[in-house]
Amino acid sequence: MDSAAIDRFEASRDRLASLAYRLLGSAADAEDAVQDAFLRWQAADRERIEVPEAWLTKVVTNLCLDRLRSAQARHERAAGDWLPEPLLEGDPMLGPADTFEQRESVSLAVLTLMERLSPVERAAYVLREAFSYPHAEIAGILDIAESASQQHVHRARRRVAAERHGGEVDPASARRIVEEFLAAAASGRTERLVAMLTADATAVSDGAGLARRLLRYRTRERIASYVLAGFKPTPAKRRLLGGSPVFHIAPVNGAPAVLAVVDDRVVGAVAFEVSDGKVASLRGIAASNRLARLSEAWRQHEPEAPVIDTW
């Protein structure tokens, strides 16, 4: 393949990866889908491709739909044993991020909610909300009628909006709330944590990456107990983590997260969703395969001072 064809693909790589990440919720799977698209681009009769960007968008979208429809993906996701892969602010997969809709479409909350959509609904929603494709082009990408594209997007918007916690939150305010929540956790006082949670707060954890099923907590008291138990240092936890971590607050998928770091390696992440001045949801992720890209980005990151440096 000539260098011009490679350059044409590389010019679209970040956009394609961002699209694939939103569709799959996994950076590793998104990279695989983009690489598969490159192989198809390499084998294609490129002289007959009038608009390369449109052709590549369709190929990547359909590769992602095939993955979402696969038997393994259906089993994992239907069983609820799945959390999106968190990404550190600045990761190109998080773009575009110019509008609220674009930023929201890559939040961990919305990536999780999109699991309840059919693959075609998810694709139509992402193409419209994150990439502003007109319905006529979405119809062409998905091989559906334009009216069907409109229906899919409308249905997806309604289902996502029904379970979202409020609108966009000022980053500084959200970080301050997480700092206060972390201080409450360090105090060991259950009532302080309970008071900082919304009445309908939820939490989900992969059980330090060891649980066979996701662990879910649906009352403020249970969430507070989960946080306090998880935050309490023990020799066993230090052995599991490979050392004594320091804790940082950093933006992940557009919202604040607490990152546990051992020797420049992220060993755990708790992502927060904030609403009306309180914590509405927490997502605890410690599975190493879900933290690989975040950890790599962290090693190239200039972090602020840790909020907790002794644990």
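**A note on the helix packing**

1. Let's start with helix α2 (residues 27-43) and helix α3 (residues 52-69), whose axes come within 9 Å and cross at roughly 130°. The crossing is right-handed. On the α2 side, the contact (heavy atoms within 4.5 Å) involves D29, D32, A33, D36, A37, R40 and W41; α3 brings P52, W55, L56, V59, V60, L63, C64 and R67.

2. A word on the source: this is a predicted model, with local features needing pLDDT of at least 70 and side-chain atom pairs counting only at pLDDT 80 or more, while totals for chains, interfaces and linings use all residues. Residues are numbered from 1 along each chain as its sequence is written, and side-chain values use heavy atoms, leaving out hydrogens and water.

3. Helix α9 (residues 146-163) has 18 residues, so at 1.5 Å a residue it should span 26 Å; its end C-alpha atoms are 27 Å apart, which agrees.

4. Which residues of α9 are buried? They are A148, S149, H152, V153, A156 and V160 (buried is under 20% relative accessible area, exposed over 50%, with a 1.4 Å probe and protein chains only). These residues cover an arc of only 130° around the axis, which puts them on the same side of α9. H154, A161 and A162, on the other side, are exposed.

5. The buried residues of α9 pack against α6 (108-113), α7 (119-129) and α8 (135-142). The axes of α7 and α9 come within 8 Å and cross at roughly 90°, so the two helices are roughly perpendicular. Among the residues in this contact are Y125 and R128 of α7 and H152 and R159 of α9.

Key. Helices (H or I, at least four residues) and strands (E, at least two) are DSSP runs, numbered from the N terminus. The expected span of a helix is 1.5 Å times one less than its number of residues. The arc is that of the directions from the helix axis to the C-beta atoms. Axes are lines fitted to C-alpha atoms, for helices over the stretch in contact, and angles run from 0 to 180 degrees between N-to-C directions. A crossing is left-handed if the near helix is turned anticlockwise from the far one by less than a right angle, and right-handed if clockwise. Angles under 35 degrees count as roughly parallel, over 145 as roughly antiparallel, 65 to 115 as roughly perpendicular and the rest as oblique.
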